[in-house]
Amino acid sequence: MDVVGLLIFGALAIGIVGAGLAVVFVDRITAAALLMAFTFLCNAGMFLLLGAETIAAFQVLIYVGAITVLILYGVMFTPQGDRPYALFFQKQTPLAGFLVAAVAAPVLALALTFRDPGIAREGGGDLQPLITSIFGDYAVPFELASVLLLAAMVGAIVLVKRDEEDAK
Amino acid sequence: MPDGPLGLDPVVWAVLRLVIAVALAIFVVLNGALVQIYLERKIQALIQDRVGPIHTGPFGLLQTIADALKLIGKEDIRARVTDKWFFLAAPLIVFSPMLASFAVLPFAPGLVGADLDIGLLYLTTLGSMTVLGIVIAGWASNNKYSLIGGLRSAGQLVSYEVPQILSLVTVVLVTGSLSMVAITESQPGLLVNLLVLPLAFVTYLIAALAETNRNPFDLPEAESELVAGFLTEYSGMRWGVFFVAEYGEVTVVSSIMTTLWLGGWHGPGVDALPVLGVLWFTLKTYAIVLAFMWIRATLPRLRIDQLMSFCWKGLIPATLANIVVTAVLLLAFPGTLLPVAVANWAMLGLFLAAIPWAQRRRLAATRRRLRVDVRRAAPETI
């Protein structure tokens, strides 16, 4: 990795970690949602740096374009001011710290022992391998996941519909 | 390294083509907005039997320039109850993805900012980021009209993104590439994709109208219901940035349609003089922009529930069926596009016939139900 690549990597890493911390510590929920979108964008930058531009594009398309909008939508429809903020930011620091440590320690160990397996390619071009693996090698798991998501969506629609009829 | 046209050194051309592409992007966005506003006024005037702007300059040509100067000269007002950073950031979040879209548009052979393998995916990605800025603008304004405008826009954009992307998939199935340059090069002659995939073109056109908040889908800024929607609290050049972004977005979707369905830069004389491609590209793009304006001057605005049900019950099934039929025919008859074209034209006819039929049935059902409801509510009055 050349100097420019290292600089971009540093900026993106600071962006991910800084914005991620801010998401947790900022007590304005819309700001947290936007900062999360920024974290997603930095993640997409990381994918670009690894030569995986298709994954980066999907990261932005789905997470910035759809998930963040959905979260903002939820925030705007939630009535505010009728409940204390303590409900949003509960005082369970020791338990949270323990859980975070339990997850973070293996990840950290993995990160420190990680060696570049040579996946990153100059100039990118991950479209072809991605397509062959999704629609060739892993077609059945991919289709299973699609059917599962479809079932979840239909289930959600049915649940909402029933509520509507009960209200009448 | 591409061979330099006009006998230029390839190294010089590599730098020069980037400069030309960026300059073209800024030129097209800023001047394009001025030209489009002028065209919009003149064409609406023509259709509505008026004269439009005539007093400022010859044929009123300087009217939009005067308006732009007025906008820039206005005081930058921000209400105290607005959310400062979000309010200031929203126009930029809308504007910058639109400007970045121009990086992959192929204006002429060799004249493209970056020929990405995933050019089309990149464009849809940037298109999906606009909605974030609009939602934030609606939220930060701290105004009910703005908020409703922003929420409507979010619902509309997220819904219409689905048929938009599905229409693109059909073209990608036929051309076999996501690169804008490769898609342009796949339709060199008169057999452009419009003749092969008319249904995908129509569904994309409808979804693009919704994505750019144009009539008949301009509900987020419906002035008769919402003052100006998410734009209510904005004035001066901040409002102007939203407007430039909107017209830029129209240019981008028209350019996508030009590239995917109308053959992009291809036209008489391009092989001899590649720069001529810019002319053909611009002419085709503005033909579509004019169609947008024609639609705006002709059609009334939809209601929000009609908008949503049309998307989910009309457009998305049509585009999904289109994908399945196209894919099956491409696999069944490799090497020829004739079956695909015949099926697509047939499905286009079916689509255009089925929508009014379904609407009439729905209207009749609604009327029947309302009559029953009224009788049940107050039987003695009937």
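Which residues in helix 3 of chain A meet which residues in helix 4 of chain B? Hold that thought while I set the ground rules.

This is a predicted model: local features need pLDDT of at least 70, side-chain atom pairs count only at pLDDT 80 or more, and totals for chains, interfaces and linings use all residues. Residues are numbered from 1 along each chain as its sequence is written, while chains are lettered from A and ligands numbered from 1 in the order in which they are written.

Chain A, then. It has six helices and zero strands; helices are DSSP runs of H or I, at least four residues, strands are runs of E, at least two, and both are numbered from the N terminus. The order from the N terminus is α-α-α-α-α-α. Of the 168 residues in chain A, 15% are buried, meaning 20 or more other C-beta atoms, placed from the backbone, lie within 10 Å of the residue's own.

Confidence next. Mean pLDDT, the predictor's confidence in each residue from 0 to 100, is 79 for chain A, and 82% of its residues reach 70 or more. In chain A, helix 4 (residues 93–113) is highest at 86, and helix 5 (residues 127–137) is lowest at a mean of 80.

Now the contact between chains. Chain B brings 17 residues and chain A brings 17; two residues are in contact if their C-beta atoms, placed from the backbone, lie within 7 Å. On the chain B side, helix 4 (119–140) and helix 5 (144–175) each give two or more residues. Helix 4 of chain B gives the most, with 10.

Back to the opening question. From helix 3 of chain A come Thr54(A), Ala57(A), Val60(A), Leu61(A), Val64(A), Gly65(A), Ala66(A), Thr68(A), Val69(A), Leu72(A) and Met76(A). They meet Leu121(B), Tyr122(B), Thr124(B), Thr125(B), Ser128(B), Met129(B), Val131(B), Leu132(B), Val135(B) and Trp139(B) in helix 4 of chain B.

And the geometry? Helix 3 of chain A (residues 53–77) packs against helix 4 of chain B at about 20°, axes 9 Å apart. Axes are lines fitted to C-alpha atoms, for helices over the stretch in contact, with angles from 0 to 180 degrees between N-to-C directions. So helix 3 of chain A is roughly parallel to helix 4 of chain B, the term for angles under 35 degrees.

One pair within chain B to finish. The axes of helix 5 and helix 12 (residues 304–332) of chain B come within 9 Å and cross at roughly 15°. That makes these two helices of chain B roughly parallel.

Technical notes. Parallel < 35°, antiparallel > 145°, perpendicular 65-115°, else oblique. Buried ≥ 20, exposed ≤ 12 C-beta atoms within 10 Å, placed from the backbone.
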